[in-house]
There are 2 protein chains.
Amino acid sequence: MLPGVGVFGTGEIANVLVPLLREKGFEVRAIWGRTLKEAKETASAQNVAFHTNVIDEVLLRKDVDLVFIVCQPFLHAEISVKALGIGKHVVCDKPAGLHQMDALKMVRASQYYPTLISLVNHPLRFLPAFTQMRRCLQEELIGPLAAVVLMDVRVQLGTLFPEKYNWMCDAQMGGGALNLVGSVVDLVSYLLQQQAVRVHGVLRSYTKTTGAINGIRQITAPDFCNFQMELASGTLVTVALHSHTVPAKTFSQEVLVYGSKGHLVVRGGDLFVLKEGQPKEEAVYVDVQDLHFSTNNSLLPRPYIKGLCKMVGALKEAFGSKESSWIKAPVSTAATFEDGLYVQAVVEAIRKSNETRQWQRVQLSTDTPLNHDQIIRYGYARMSTM
Amino acid sequence: MLPGVGVFGTGEIANVLVPLLREKGFEVRAIWGRTLKEAKETASAQNVAFHTNVIDEVLLRKDVDLVFIVCQPFLHAEISVKALGIGKHVVCDKPAGLHQMDALKMVRASQYYPTLISLVNHPLRFLPAFTQMRRCLQEELIGPLAAVVLMDVRVQLGTLFPEKYNWMCDAQMGGGALNLVGSVVDLVSYLLQQQAVRVHGVLRSYTKTTGAINGIRQITAPDFCNFQMELASGTLVTVALHSHTVPAKTFSQEVLVYGSKGHLVVRGGDLFVLKEGQPKEEAVYVDVQDLHFSTNNSLLPRPYIKGLCKMVGALKEAFGSKESSWIKAPVSTAATFEDGLYVQAVVEAIRKSNETRQWQRVQLSTDTPLNHDQIIRYGYARMSTM
């Protein structure tokens with residue numbers, strides 16, 4: 001039987017997620033919102049029986065065994081760590097908290113409870129074009145994986161900012177292009193199976209106001225990022241993320257990987273290869289229009305929704321096994337909390353590079369901000385109140 | 001009457017240039033080559049009566065009043081300065097010498113002989129899509145020129161290296177992508193009428209050998225460059241130049257300029273605009289296939305040949321005036337030696353940034369390496385030997 005789900009978060013993303021969970025057979029038992037009003041609105045719209053603005057009221061429910069955290073990033077670590085402590089499976093939206101300290105807490109908790117699922121929602125990993133690209137790279141279609149010399153990513157996105165002001169407008173919260181940077185950083189490590197050693201980046205905030213956001217609170221999050229990464233093997237990764245003045249509803253992505261014997265390229269949802277000596281590219285995978293959801297939600301581009309859909313499908317498979325509570329294989333594609341920590345480290349280095357105008361070494365935090373006693377206390381303190 | 005022309009250089013570029021000069025009505029009187037053999041080959045192929053490997057033998061000819069310098073860059077400054085000293089008009093191919101010291105010598109000479117034409121061949125300035133783009137920017141089609149916030153350039157080029165090893169394979173000579181970087185740097189200052197204050201760049205040499213170049217001498221020039229420039233007004237310019245594993249004969253360029261009220265974009269040879277509030281781009285200028293030359297010459301992409309063709313046309317107009325020896329207006333689009341010096345300064349800063357992994361300030365050399373006496377001596381010493 002599939003676990004009951006509690007959703008932390010309201011608004012656009014929750015309104016995409018809940019129907020998608022139901023389509024795959026999950027029952028959504030509870031919605032948490034930052035205010036009771038927001039929680040009620042989403043619960044009514046999605047026809048969910050229980051809503052609250054108290055975190056523990058979702059975590060302590062016996063009919064909730066899996067939580068999806070899609071609320072403001074500053075709560076990601078707190079909710080994830082508590083949920084794992086109480087024995088709930090966790091899927092946390094990107095980013096993994098506000099900074100490396102948050103992500104590290106999440107990593108420690110996930111390491112302490114290895115029998116629980118703990119994933120970061122990086123949906124591009126589940127997009128067929130990218131899973132196929134990874135397979136092609138492993139099968140050395142364009143030469144050995146270690147001989148990949150260059151990867152070039154270009155994303156153009158019409159809208160980075162929501163209708164109403166929220167954390168996505170805030171630079172300190174990791175909003176705007178910073179969130180998109182995180183997705184690309186994760187995608188690179190997923191595809192090339194290598195991490196960045198050094199990075200350089202330029203961030204710009206061109207959009208300060210929108211039609212609806214033009215009061216005292218202005219947009220501080222960047223809407224433009226150009227960055228470069230040098231991976232452990234010397235591979236160079238160049239990335240251009242544009243959303244400034246791109247027409248609304250646009251989403252285009254091009255991800256090129258140059259190997260010693262040709263290149264692979266994802267354009268939109270399709271994958272092509274050009275092998276050495278061939279006159280032109282050949283299609284390897286062509287996207288199938290199999291998404292039964294309307295994607296007129298402006299903040300989540302279609303490939304992200306499609307990837308999320310496949311990820312929920314993988315979770316269903318993981319839990320659907322008869323032999324044990326869950327099996328790892330179907331969700332092994334997903335980003336772990338360790339991956340989330342790495343992404344935070346790279347994003348932090350890019351922000352620093354933008355300030356210092358220098359390349360920055362990626363420094364992964366390894367301090368222990370939370371000991372095991374604390375993790376246990378989080379969990380059992382809550383259990384005892386049930 | 002149009003001036004007689006002497007061409008310094010042989011091989012591919014000379015073989016494009018000579019027919020193009022003739023088409024516009026110029027008579028080509030002499031060819032200089034580094035070896036007598038090379039000079040003879042090109043002179044025979046192009047049916048030019050005189051050839052030599054002695055620079056002065058071209059410069060001192062009375063039937064040569066205009067010289068085109070398309071040979072190795074280390075000779076650009078020497079030939080330009082001598083030619084001006086002797087009273088000849090000069091069009092020098094990019095780059096303007098090997099380094100700023102060379103370019104500065106050229107600038108001083110051109111300042112000393114203002115009645116002579118002294119231009120650097122940056123043909124993209126003459127490509128109609130770019131002249132139109134400049135006009136649209138001046139007419140504030142996408143808002144004030146000073147309010148342009150971002151420019152993004154992307155060039156993909158199939159072949160940067162020639163059949164036989166020459167200076168284009170040599171990093172010290174400014175070959176490969178460095179030469180292409182120079183073209184883009186010049187184009188940016190032409191379009192935005194602003195210079196770079198700081199730059200950051202990454203250069204890579206992925207191609208070490210080709211089918212024909214695989215002996216002791218390997219390619220050292222980069223074939224990849226990713227760079228960023230910050231202009232005086234704060235405008236950011238991001239540039240990606242790829243030639244690594246791009247299929248041979250490919251040439252694609254996309255130049256995007258984002259203003260406060262929309263964007264302009266050149267794709268290939270066409271110009272489009274997206275004005276604020278419009279749903280999609282509109283064509284402003286569509287390239288006309290009016291080039292009567294075969295462009296199967298692999299090293300000169302079609303837009304460069306087309307630009308060169310228009311530039312020679314402008315020279316014809318400049319000299320064709322009845323009133324004086326030449327008029328400035330038709331060639332005012334062209335790059336001056338001062339522009340050439342600026343491009344050298346930026347390319348040097350990009351090379352330094354690639355080494356230091358930091359942003360570099362663009363520092364324009366202003367030392368006087370050659371005084372007026374020396375310039376005069378160059379010229380008259382030669383004249384007296386006639």
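Is B:Glu27 buried, partly exposed or exposed, and what is its relative accessible area? In this predicted model, B:Glu27 is partly exposed, its relative accessible area being 47%, and the legends below begin with the view that contains this residue.

**View 1. The salt bridge between B:Arg29 and B:Glu27.** The closest N and O atoms of B:Arg29 and B:Glu27 are 3.6 Å apart, and the two residues form a salt bridge. B:Arg29 has a relative accessible area of 25%, and because buried residues must fall under 20% and exposed ones over 50%, B:Arg29 is classed as partly exposed. B:Glu27, with 47%, is partly exposed as well.

**View 2. Strand E2 of chain B and its pairing with strand E1 of chain B.** Strand E2 of chain B spans residues 28-32, and four of its five residues are buried, so this strand is largely enclosed by the rest of the structure. Strand E1 of chain B, residues 5-8, pairs with E2(B) in the parallel sense, and the pairing runs over four bridges.

**View 3. A salt bridge between distant parts of chain B, formed by B:Arg125 and B:Asp339.** The side chains of B:Arg125 and B:Asp339 meet in a salt bridge with an N to O distance of 3.4 Å. The two residues are 214 residues apart: B:Arg125 belongs to the loop between strand E6 (118-121) and helix H6 (128-138) of chain B, whereas B:Asp339 belongs to helix H9 (residues 337-356) of chain B. B:Arg125 counts as buried at 5% relative accessibility, and B:Asp339 is also buried, with a relative accessible area of 18%.

**View 4. The salt bridge between B:Arg267 and B:Glu254.** Here the side chains of B:Arg267 and B:Glu254 meet at 3.0 Å, N to O. Because B:Arg267 lies in strand E12 (residues 262-267) of chain B and B:Glu254 in strand E11 (residues 251-259) of chain B, the pair ties together parts that are 13 residues apart in sequence. B:Arg267 is partly exposed, with a relative accessible area of 33%, while B:Glu254 is buried at 19%. Salt bridges that share partners also join residues of both chains, namely A:Asp152, A:Glu254, A:Arg267, A:Glu281 and B:Arg154, into one network.

**View 5. The contact between chain A and chain B.** Chain A contributes 30 residues to the contact, and chain B contributes 30 residues. The area buried between the two chains is about 2,800 Å², of which 53% comes from carbon and sulfur atoms. On the side of chain A, the three residues A:Arg154, A:Arg357 and A:Trp359 supply 21% of the area that chain A buries against chain B, more than any other three residues.

**View 6. Polar and charged pairs across the interface of chain A and chain B.** Eight salt bridges are counted between chain A and chain B, whereas the count over all chains comes to 34. In one of the salt bridges between the chains, the side chains of B:Glu230 and A:Arg357 meet at 3.1 Å, N to O. The elements of chain A that give two or more residues to the side touching chain B are strands E7 (150-157), E8 (196-204), E9 (224-231), E10 (236-242) and E11 (251-259). By class, that side of chain A has twelve nonpolar, eleven polar and seven charged residues.

Key: Residues numbered from 1 in each chain as written. Chains lettered and ligands numbered in written order. Predicted model: local features only at pLDDT ≥ 70, side-chain atom pairs only at ≥ 80, totals over all residues. Heavy atoms only, no water. Salt bridge = Lys/Arg side-chain N within 4 Å of Asp/Glu carboxyl O. Buried < 20%, exposed > 50% of the residue type's maximum accessible area, 1.4 Å probe, protein only. Contact = heavy atoms within 4.5 Å. Buried area = accessible area lost by both parts, 1.4 Å probe. Polar contact = N/O pair within 3.5 Å; in protein donor to acceptor, adjacent residues only side chain to side chain. Nonpolar A, V, L, I, M, F, W, Y, C, P; charged D, E, K, R; others polar. Pairing = 2+ DSSP bridges.
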